Amino acid sequence: MVSAKDLEKYGLTDVKEVIYNPSYEKLTQDEKAKGECEFTSNETAAVDTGKFTGRSPKDKYFVNQPPSNEHIAWGEINQPISKENFDKLFDLTKKQLSGKELYVIDAYAGASKSSRRAIRFITEVAWQAHFIENMFIMPTKEELENFEPDFVLYNACKTTNEDYKEMGLNSEVFVAFNIEDNVAIIGGTWYGGEIKKGIFTMMNYWLPLEGKLSMHCSANVGKEGDVCLFFGLSGTGKTTLSTDPNRALIGDDEHGWDDEGVFNFEGGCYAKVINLSKESEPEIYNAIKPGALLENVVLKENGEVDFADDSKTENTRVSYPIEHIPNHKEGLQAGHPKNIIFLSYDAYGILPPVSKLTKEQAMYYFLSGYTAKVAGTERGITEPVTTFSACFGEAFLPLHPTVYADLLGKKIDEHNVNVYLVNTGLNGQGKRMSIKDTRACINGILNGSINDAEFETLPIFNLQYPKSLEGIKDNSILDPKTTWDSEEKFLETAKNLAKEFIKNFERYKSENSDFDYSQAGPQL
């Protein structure tokens, strides 16, 4: 139990009341009393996060001090802030939270007891406490008795930094980490994802330095204990494809891989709900019930959600405890993976629907982290936009991408893991791969039947793809060349995409002395 007096050691004074690890019933009561949320026709809380409906990546900072600054990959993603300026923001944070009624949530990041971290969250907003309890692993009553936080996150979303220009910062918003003092502070943004990804960022700092791999991926496990990881950027199908009625869900977004196997960092899911339907994604649709928390959706007059309405944002979401998915893995951990799948939405129609990768190709495509934004997904995009995000999550990596890639390579070798590249995007005619055919590709990987197929090699990219696969009615779709009007057009587009890959990979050429992984990528 945490009292107002206990919070004085954190610099929080005159706290009116501490609401410690409240029940969902208490949170719902407070959300209603404070007018923080609307409620749907089935009594699911729905919150509006204001003008910030997504993360603020340009407002993320790390205190530049030893020894942590020797590990951080400084740049646009990991920006430095002086200890002096951090302390000013910290004072602003403490001033905002002092004298208030505060929610204090003690929870774990990481289902593996040998790898987890104990996190204390402090916020004055009831729905943010709700979000935290949905997304992290709640301790048992016995664990709470001796709970000692490894890290404290303060969310002061109601304050802003008016002196940001004088400090040389980007805006009045701040998401700042002091690794040496085990503290993070958030101000100026109400978006719940900053809390989730803030802790994910820290897990991505701590674990690799212990020789454990942290991953931006979903994971599930079959009845025989075979684990599969799904890496992919937004819109590639990571959440949808890992939610499988025939396999237990370990988690939908953030995982670790230590000596015992794979484990979820979180205790819940954070799914996109734009255009959600019960027919296409029944598990997620049915998870939206009391206890879940919707973000930035539009409600109809009858209280039902209009999932097609993107007037607030296309990034409409729902957080819910993983227990809302009936077929989840108890304990949120399993053994070592048998298969790894990289998901890419290729908007150019070049990559095969499924390819089997060599170890070297796996390293190349992991470091590349390729997908493409297609016309219409974001304002101003009229042509496909190539996107590369190292390790399929570069925005959350405080260390250099090669640190994570090297760990993945060692794990692949140690556990003899199969790696595949699956294209959930378009073919040469601009037609998207059907979910049914993608599922057939995934099933071929999971049941091993893909290994019995005869393979062909894709020109330029040198990817090995099956000529036929069980569950695919028209096997010609497995060869992307056949979906083009002419092989000449295919080769021209393939060369252009290959140039994008080669240009992006220039930054990794000198990072590995043992092997130049660019040799495993497309060749012109």
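**Asp30**

I began with Asp30 and looked up what it touches. Leaving aside residues up to four places away in sequence, Asp30 touches Ile19, Tyr103 and Ala126. I noted that this is a predicted model. Asp30 is found in helix α1. Is Asp30 buried or exposed? I read a relative accessible area of 6% for Asp30, and since buried means under 20%, it counts as buried.

**Salt bridges**

Next I went through the salt bridges. I counted 26 of them in the structure.

I took Glu101 and Lys34 as one case. Their side chains meet in a salt bridge, at 2.7 Å from N to O. This pair links distant parts of the chain, 67 residues apart: Glu101 belongs to strand β6 (residues 101–109), and Lys34 to the loop between α1 (24–33) and β2 (38–39). I then checked how open the two partners are. Glu101 is partly exposed, its relative accessible area being 26%. Lys34 is also partly exposed, with a value of 37%.

I then turned to Lys196. Which residue forms a salt bridge with Asp253? I found Lys196, with 2.8 Å between the closest N and O atoms. Asp253 sits in the loop between β13 (248–251) and β14 (254–258) and Lys196 in helix α6 (residues 193–206), so the bridge ties together parts that are 57 residues apart in sequence. Asp253 and Lys196 are both buried.

Lys196 also forms a salt bridge with Glu266, where the closest N and O atoms are 2.7 Å apart. Here too the pair links distant parts of the chain, with Lys196 in helix α6 and Glu266 in the loop between β15 (261–264) and β16 (268–272), 70 residues apart. Both of these residues are buried.

**Helices α9 and α12**

I looked up how helix α9 (residues 359–368) packs with helix α12 (residues 487–505). The angle is about 85 degrees and the axes are 10 Å apart. Angles of 65 to 115 degrees count as roughly perpendicular, so I put α9 and α12 in that class.

Which residues meet in this contact? From α9 I listed Tyr364, Tyr365, Leu367 and Ser368, and from α12 Phe501, Ile502, Asn504 and Phe505. By class, the contact holds six nonpolar residues, two polar and no charged.

I also checked burial along α9. Eight of its 10 residues are buried, so the helix is largely enclosed by the rest of the structure. The buried residues are Gln361, Ala362, Met363, Tyr364, Tyr365, Phe366, Leu367 and Ser368. After α9 comes Gly369, and I noted that its phi is positive, near 55 degrees.

**The eight-stranded sheet**

I traced an open sheet of eight strands with mixed pairing, in the order β1-β6-β7-β8-β10-β9-β4-β5. Its edge strands are β1 (17–20) and β5 (79–81), each of which pairs on one side only. From one strand to the next the twist averages 25 degrees.

Strand β7 (residues 117–123) and strand β8 (residues 151–156) pair in the parallel sense, over five bridges. Ile119 stands opposite Phe151 in β8. Helix α3 (residues 126–135) packs on the sheet and touches β6, β7 and β8, and its direction makes about 10 degrees with that of β6.

**Strand β20**

My last entry is on strand β20 (residues 317–321). Why do I call it largely enclosed by the rest of the structure? Because five of its five residues are buried. Arg317, Ser319 and Pro321 point one way from β20, while Val318 and Tyr320 point the other way, and all are buried.

I then looked up the pairing partners of β20. β16 pairs with β20 in the antiparallel sense over five bridges, and Cys269 stands opposite Tyr320 in β20. Strand β17 (residues 293–295) also runs antiparallel to β20, joined by three bridges. In β20, Ser319 is the residue that stands opposite Leu293.

Conventions:
Residues are numbered from 1 along each chain as its sequence is written. This is a predicted model: local features need pLDDT of at least 70, side-chain atom pairs count only at pLDDT 80 or more; totals for chains, interfaces and linings use all residues. Side-chain values use heavy atoms; hydrogens and water are left out. A salt bridge is a side-chain nitrogen of Lys or Arg within 4 Å of a carboxyl oxygen of Asp or Glu. Helices (H or I, at least four residues) and strands (E, at least two) are DSSP runs, numbered from the N terminus. Buried means under 20% relative accessible area, exposed over 50%, partly exposed in between (1.4 Å probe, protein chains only). Axes are lines fitted to C-alpha atoms, for helices over the stretch in contact, and angles run from 0 to 180 degrees between N-to-C directions. Angles under 35 degrees count as roughly parallel, over 145 as roughly antiparallel, 65 to 115 as roughly perpendicular and the rest as oblique. Contact means heavy atoms within 4.5 Å. Ala, Val, Leu, Ile, Met, Phe, Trp, Tyr, Cys and Pro count as nonpolar, Asp, Glu, Lys and Arg as charged, and the others, Gly among them, as polar. Two strands pair if DSSP finds at least two bridges between them.
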